[in-house]
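Dear colleague,

Please find below the structure that I am handing over to you. My findings on it follow directly after.

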Amino acid sequence: NKLTCQSEGYGFVEFLTRAAAEEVLQNFNGSVMPNSEQLFRLNWASFSTGEKRAVENGPELSIFVGDLSPDVTDTLLQELFVERYPSVKSAKVVIDSNTGRSKGYGFVRFGDESERSRALTEMNGAYCSNRQMRVG
C-alpha cells in the first residue's frame with residue numbers, strides 16, 4: 001500500500017510464457033515463503049496477458065483501481081471509465097470468494113495505450129460512488 005507502506009498481502013507476477021508461469025505455479029504453490037512462516041498461495045490472475053490472448057485480441061492494457069467502495073460493481077466501474085475512455089474493454093471488481101464481498105480493488109482493461117496512460121493520471125483521486133479511487 002503506497003499510502004501506509006504496509007503489505008496488502010498479495011502481488012502479481014507477469015511471465016514471458018505460459019509455460020514459465022505454469023512451472024512456477026506447480027513448484028511454489030503451497031511452499032513456504034522465504035523469511036516467513038506463510039505459504040505461497042498462487043493462482044492465475046483474471047487479466048493475464050498471456051501470449052495467446054495478446055496475439056488474438058491485441059495487447060491487454062490494464063490498470064489497477066483501489067480504494068473502491070463496497071457498493072461498486074463491475075458495471076459501475078466500467079461505465080465510469082468508458083465515459084471518458086471509449087477504448088475501455090471491461091472492468092472487474094475483485095470479490096472475496098469466502099464472503100462474496102468486494103475486496104475494494106479491481107482492474108480496468110483498455111484497448112488503447114494512450115487512453116490507458118491518460119486514465120492513470122486523470123482518474124487517480126476521481127470519485128467512484130462515494131470514495132476517491134487510487135489508480136496504478
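R116 is partly exposed, with a relative accessible area of 22%; here buried means under 20% relative accessible area, exposed over 50%, and partly exposed in between (1.4 Å probe, protein chains only). E113 is likewise partly exposed, at 38% relative accessibility. R116 and E113 form a salt bridge, with the closest N and O atoms 3.3 Å apart; the term denotes a side-chain nitrogen of Lys or Arg within 4 Å of a carboxyl oxygen of Asp or Glu. The two residues lie three residues apart in helix 4 (residues 113-122), which means that about one helical turn separates them. Helices (H or I, at least four residues) and strands (E, at least two) are DSSP runs, numbered from the N terminus.

Please note that this is a predicted model, in which local features need pLDDT of at least 70 and side-chain atom pairs count only at pLDDT 80 or more, whereas totals for chains, interfaces and linings use all residues. Residues are numbered from 1 along each chain as its sequence is written, and side-chain values use heavy atoms, with hydrogens and water left out.

By the rule given above, the count comes to five salt bridges. One of them joins R134 to D67, with 3.4 Å between the closest N and O atoms. This pair links distant parts of the chain, 67 residues apart: R134 belongs to strand 6 (residues 134-135), while D67 sits in the loop between strand 1 (61-66) and helix 3 (74-82). R134 is buried, at 18% relative accessible area, whereas D67 is partly exposed, at 30%.

A salt bridge also connects the side chains of K92 and D74 (3.8 Å, N to O). Here too distant parts of the chain are linked, since K92 is in strand 2 (residues 88-95) and D74 in helix 3, 18 residues apart. Both partners are partly exposed, K92 with a relative accessible area of 32% and D74 with one of 29%.

Turning to the strands, seven of the nine residues of strand 3 (residues 102-110) are buried, so this strand is largely enclosed by the rest of the structure. Strand 3 runs antiparallel to strand 1, to which six bridges join it; two strands count as paired if DSSP finds at least two bridges between them. Strand 2 also pairs with strand 3 in the antiparallel sense, over six bridges. Within strand 3, G106 is the bridge partner of V65 and also of V93. Strands 2 and 3 form a hairpin with six residues between them, and G100 in the turn has a positive phi of about 75°.

With kind regards
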